[in-house]
Amino acid sequence: MMMTMTTTDHLPEGSSPTELLDDGDVRVLLLENIHTDGAEFLRGKGYQVETRDGALGEDELIEAIQGVHLLGIRSTTYITEKVLDAAPNLLAIGAFCIGTNQIDLAAATQRGVAVFNAPYSNTRSVVELAIAEIISLARRLHEKSTDMHAGVWNKSAAGSHEIRGRTLGIIGYGNIGSQLSVIAEALGLSVVFYDIDDKLALGNAKRCSTLEELLAISDVVTLHVDGRPGNAGLFGDDEMSQMKPRSLLLNLSRGIAVDTAALRKHLESGHIAGAAVDVFPIEPKRQGDAFESDLRGLKNVILTPHVGGSTEEAQQDIGRFVASKLRSYAAFGGTSLSVNMPGINLPADTSKHRLALVHRNAPGVLATINGLLGDHAVNIEAQSLSTRGALGYVLTDVADEIGADVLTELAALPETVRLRQLS
């Protein structure tokens, strides 16, 4: 099928506001070992797909992104305003993970670049890792294994505990935290949680009104917060001091949330009996790069390289899910579950010609658009509009081919952020 090139606010005089592209002209760049199913799905649609194993720094990405229409990343590639300025062809970014804090969402939105993620696909994988690490820390399996590999036979029950009857404190009761709550309770743990938003407790979990309340009663504390700036330094020396003596701490959420130097101090003092950490403030960009952390070398710490969602099942699901969202947006204008765009869809109809117009959310924009189309005798067959904050988005299907003069006038509207002709 035919799909579009894009336009932004102001067009050079005499230029065409849209340039229809064949699927075979659409360029896709996928970074950071995104599952092959994602790449194969997009190749199956005729797109030109380039894959790279590692993350790219800003300058490298600016060079690589030239002419790219769809970009796929995971958690280590940062999409800055400078990168977006260098990518006028970019239609959409797919974060093949849960978080999107590595993307300048405000800058993407201002340029009409849609952002998609996978908020649910790796939830189970993260939950299973959390359960495994809670049991491993409680039973001191990591330490036992290290001793065995060193040739030391240390068969002892000292310091080894069942998790049944213990209290698990979950900080952040979103998709992962709430699912962890259900499974932990099934294993015999009592569950309490704390969240700044009003969340419904599942099962017999109990909500704590303050973080201090949770820390005072929890034998295991696990963080499942997002990457918003307010969560930087969320868990530091003060919070660790309030934890129960000989309790356990897990961070499988965001590296910026925990002060690792303070954590080392509390681990060495014995106040915290053990920790499992999967995320770090600074992470290597590529496989095999050196890893540095305050927590290295401690026997009572499980360190994993940001693999909470890295199971074959989760990465396969994420690859398919996000790739399908990128395809839907590029080809049909669909924004369902977009992180930053108003969410709308119109059924695909190859007999119609479709316009996708991202605009500033101002009174009368839709009337202006439809009046302009009416002035040119363009008959609207179907239309859907949605707004989100300062942004509006409208999909319009018309029966006849749209003239270049109509497109030029639409692109020149002061409210227009981005206009695309999809077919």
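Where pLDDT is low, the predicted coordinates should not be read in detail. The protein as a whole averages a pLDDT of 92, and 95% of the residues score at least 70.

A word on how to read what follows. This is a predicted model, in which local features need pLDDT of at least 70 and side-chain atom pairs count only at pLDDT 80 or more, while totals for chains, interfaces and linings use all residues. Residues are numbered from 1 along each chain as its sequence is written, and side-chain values use heavy atoms, with hydrogens and water left out.

Now for the overall layout. The domain assignment, which is automatic or comes from a database, gives domain 1 (16-117 + 311-341), domain 2 (123-303) and domain 3 (342-422). The centres of domain 2 and domain 3, taken over C-alpha atoms, are separated by 49 Å. UniProt, in an unreviewed entry, places the feature "domain: ACT" at residues 354-423; its positions follow the numbering used here, feature names are shortened, and annotations may be inferred rather than shown by experiment. Over residues 354-423 the chain is 27% helix and 43% strand, with its end C-alpha atoms 6 Å apart. Helices (H or I, at least four residues) and strands (E, at least two) are DSSP runs, numbered from the N terminus.

Next, look inside. A nonpolar core is a set of buried Ala, Val, Leu, Ile, Met, Phe, Trp, Tyr and Cys residues joined through side-chain atoms within 4.5 Å; buried means under 20% relative accessible area, exposed over 50%, and partly exposed in between (1.4 Å probe, protein chains only). The largest such core has 32 residues, and Tyr 47, Leu 70, Ala 92, Tyr 329 and Tyr 393 have the most contacts inside it. Its largest share, seven residues, comes from α11. This core draws at least three residues from each of domain 1 and domain 3. Leaving aside neighbours within four places in sequence, Ala 92 touches residues including Leu 70, Phe 116, Leu 326 and Tyr 329.

Helix α1 has its own buried residues: Asp 37, Gly 38, Ala 39 and Leu 42. These pack against β4, β5 (48-51) and α11. After α1 comes Gly 46, with a positive phi near 95°.

Finally, turn to the sheet. Seven strands form an open sheet with parallel pairing, in the order β11-β10-β9-β12-β13-β14-β15. The edge strands, each pairing on one side only, are β11 (206-207) and β15 (301-303). Two strands pair if DSSP finds at least two bridges between them. β12 (residues 220-223) pairs in the parallel sense with β9 (residues 167-171) over four bridges, and likewise with β13 (residues 247-251) over four bridges. Val 220 in β12 stands opposite Leu 168, and its bridge partner in β13 is Leu 248. In β12, Val 220 and Thr 222 point one way, Val 221 and Leu 223 the other, and all are buried.

Notes: Contact means heavy atoms within 4.5 Å. pLDDT is the predictor's confidence in each residue, from 0 to 100.
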